[in-house]
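Come along while I look things up one at a time.

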Amino acid sequence: MDSLSCPQCGGRNVGKVGTGQFYCWDCYIEFSVSHRGIRMYTVEADGELTRIESAVSAKEVLS
Ligand SMILES: [Zn+2]
């Protein structure tokens, strides 16, 4: 789980921010990984998370 790549940009500049939650320093999105798949969020200026609809599967990111 330490070698994740970003589901949006494919970058490796990803940091862990919580249990199953990660942040991409390249495209500034937060994403969570679970057995149900990937959820991506943009972080608003006020700290609010906005869901990004995505068809990316956990399988693709974790491979
Ligand atoms: Zn990214």
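How many residues does the hairpin use to join E3 to E4? I looked at the turn and found that two residues link E3 to E4 in a hairpin.

**Entry: what kind of model this is**

I noted at the outset that this is a predicted model. I then looked up the confidence: the mean pLDDT of the protein chain is 86, and 81% of its residues reach 70 or more. Where is confidence lowest, and where is it highest? I found the lowest value in helix H1 (residues 58–62), at a mean of 64, and the highest in E2, at 95. I will read H1 with that mean of 64 in mind.

**Entry: the overall plan**

I listed the elements and got one helix and five strands in the protein chain. Following the sequence, I read the pattern as β-β-β-β-β-α. I also checked burial, and 14% of the 63 residues in the protein chain are buried. For contacts between residues at least 6 apart in sequence, I found that 15% join residues at least 24 apart.

**Entry: the sheet**

In what order do the strands of the sheet lie? I traced an open sheet of five strands in the order E1-E2-E3-E4-E5, with antiparallel pairing.

**Entry: E1 with E2**

I started with strand E1 (residues 14–18) and strand E2 (residues 21–24), which run antiparallel and are joined by four bridges. One pair I picked out is Gly-15 with its bridge partner Tyr-23 in E2. The hairpin of E1 and E2 has two residues between the strands, and Gly-20 in the turn shows a positive phi of about 70°.

Is Thr-19 buried or exposed? Thr-19 counts as exposed because I find 7 C-beta neighbours inside 10 Å. I looked across from there to Ser-32, which is 13 residues away along the chain, and the two C-alpha atoms are separated by 8.4 Å.

**Entry: E3 with E4**

I moved on to strand E3 (residues 29–34) and strand E4 (residues 37–43), an antiparallel pair with six bridges. Here Val-33 has Ile-38 in E4 as its bridge partner. I also saw Ser-34 standing opposite Gly-37 in E4.

**Entry: E4 with E5**

How many bridges pair E4 and E5? I found four, again in the antiparallel sense. In this pair, Thr-42 has Thr-50 in E5 as its bridge partner. The hairpin of E4 and E5 has five residues between the strands, and I noted Gly-47 in the turn with a positive phi of about 90°.

I stopped at Tyr-28, in the loop between E2 and E3. Its phi is near 60°, which is positive although Tyr-28 is not a glycine. For background, I reminded myself that most residues other than glycine have a negative phi. With 11 C-beta neighbours inside 10 Å, Tyr-28 counts as exposed.

**Entry: the nonpolar core**

Which residues make up the largest nonpolar core? I counted eight residues in all: Cys-6, Val-14, Phe-22, Cys-24, Ile-29, Phe-31, Ile-38 and Met-40. E2, E3 and E4 are the elements that give two or more residues to this core. I recalled that, in soluble globular proteins, nonpolar side chains tend to be buried together.

I then took a look around Phe-31, one of the core residues. Setting aside neighbours within four places in sequence, I found Phe-31 in contact with Pro-7, Phe-22, Ile-38, Arg-39, Met-40 and Tyr-41.

**Entry: before the sheet**

Last, I went back to Ser-3, in the segment before E1. Ser-3 counts as exposed, since it has 7 C-beta neighbours inside 10 Å. How far apart in space are Ser-3 and Val-14? I read 8.4 Å from C-alpha to C-alpha, for two residues that are 11 apart in sequence. Val-14 was already on my page, as one of the residues in the largest nonpolar core.

Terms used:
Residues are numbered from 1 along each chain as its sequence is written. This is a predicted model: local features need pLDDT of at least 70, side-chain atom pairs count only at pLDDT 80 or more; totals for chains, interfaces and linings use all residues. Two strands pair if DSSP finds at least two bridges between them. A residue is buried if 20 or more other C-beta atoms lie within 10 Å of its own, exposed if 12 or fewer, and partly exposed in between; C-beta atoms are placed from the backbone. Two residues are in contact if their C-beta atoms, placed from the backbone, lie within 7 Å. pLDDT is the predictor's confidence in each residue, from 0 to 100. A nonpolar core is a set of buried Ala, Val, Leu, Ile, Met, Phe, Trp, Tyr and Cys residues joined through C-beta atoms within 7 Å.
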